[in-house]
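Morning, everyone. Please have a look at the chain on the screen, and I will talk you through it.

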Amino acid sequence: MSSKISIWRKVPGYVGRYNDVIYSRPLMSVTPPSQDVLLYFGGDIQDLQENMEKTDNKVHKKWCLENTAEILSTNFPKKHVLVVRPSRITVNTFSCFDNFVPSNECGVPTFLPMHNALKHLLELVKSCLIHIKACTTDQDPICFTIENTKLTLLGFSKGCVVLNQLLHEFHYYQSEQNLDVEIDDFLRLIESMWWLDGGHAGSKDTWITEPLILESLKKLGIDVHVHVTPYQVQDFHRQWIREEEHHFCTILRNIGVPVKRILHFADKSRSLKHHFNVLKAIRNYT
């Protein structure tokens with residue numbers, strides 16, 4: 001494991017919720033020091049390398065969370081990369097992000113208007129900034145405060161369910177009766193959201209297609225990036241994924257959100273290899 005990679009166990013977030021976090025320092029030094037943070041939510045199979053090596057998933061260990069953190073650092077060299085490990089991984093395979101969205105044993109989400117996912121994310125970032133400060137004691141202590149942070153949220157495959165639950169909570173907090181000043185300030189820190197080949201084992205709700213929910217995303221002025229591969233959007237046994245992704249992008253564009261949408265490996269057959277390779281392919285678009 002690279003010396004630039006750290007593993008923090010049971011990082012606290014919202015009351016009673018914890019996640020392990022893998023941290024990768026910025027590869028590129030800048031002045032003043034970067035306060036850009038990327039949070040990554042990964043897919044099924046992905047886990048810490050030591051765990052993957054104990055199961056049949058060892059054949060995919062090149063995509064372990066530590067290696068993924070290094071890939072993302074290469075893609076976003078000025079950012080602090082925080083890879084958020086799921087709070088539950090069933091049968092050594094299915095990523096369940098219960099701290100962000102209720103999920104069944106296969107990690108299939110049940111989206112809710114409110115699950116305190118945003119509050120958990122906020123508190124998790126605050127806790128991680130304390131760890132980052134400890135790793136960079138030679139830098140100005142004014143750095144790494146939550147109000148100076150710029151956030152990029154990136155979901156891959158199953159990890160996109162986290163981003164989708166956040167969309168529901170964006171809408172919740174925009175209601176006058178649910179206004180929360182701290183959350184409102186936190187939302188202003190989110191600069192971009194990346195959906196990478198979203199998918200889960202359910203038969204619906206892979207992508208959000210409710211116009212009112214997506215209107216709430218528009219109001220925040222967040223940059224939207226969509227990168228897909230044939231593995232998901234050309235799976236003819238799960239055609240709803242392609243249809244929902246099309247509706248997601250179409251609705252956003254129709255309401256004036258300039259979605260940056262890329263289909264990778266269009267000339268290749270569907271494969272898990274290219275599904276994972278989207279993590280490297282986005283390098284040319286960062």
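First, some ground rules. This is a predicted model, where local features need pLDDT of at least 70, side-chain atom pairs count only at pLDDT 80 or more, and totals for chains, interfaces and linings use all residues. Residues are numbered from 1 along each chain as its sequence is written, and side-chain values use heavy atoms, with hydrogens and water left out.

Now the overall picture. The chain has nine helices and 10 strands. Those are DSSP runs, numbered from the N terminus: helices are H or I with at least four residues, strands are E with at least two.

What about the overall dimensions? The C-alpha atoms fill a box of roughly 55 × 50 × 35 Å along the principal axes.

How much of the chain is buried? Of the 286 residues, 54% are. Buried means under 20% relative accessible area, exposed means over 50%, and partly exposed is in between, with a 1.4 Å probe and protein chains only.

Next, contacts, meaning heavy atoms within 4.5 Å. Take those between residues at least 6 apart in sequence: 73% join residues at least 24 apart.

On to the rings. A pair of aromatic rings is described by the distance of the centres and the angle of the planes. Rings of Phe, Tyr and Trp (its six-membered ring) pair if their centres lie within 6.5 Å; planes under 30 degrees apart are stacked, over 60 edge-to-face, and the rest tilted. By this rule, there are nine aromatic pairs.

Here is one of them. Phe 156 and Phe 276 have ring centres 5.5 Å apart and planes at 45 degrees, so the pair is tilted. Phe 156 lies in strand E7 (residues 150-156) and Phe 276 in helix H9 (residues 272-281), so the pair ties together parts 120 residues apart in sequence. Both Phe 156 and Phe 276 are buried. Elsewhere on the ring list, Phe 41, Phe 97 and Phe 100 form one aromatic cluster.

Last stop: Val 278, in helix H9. Val 278 is buried, with a relative accessible area of 0%. Which residues does Val 278 contact, leaving aside neighbours within four places in sequence? They are Phe 156, Leu 196, His 227, Thr 229, His 264 and Phe 265. Take His 227: His 227 and Val 278 are 51 residues apart in sequence, and 7.4 Å apart in space, C-alpha to C-alpha.
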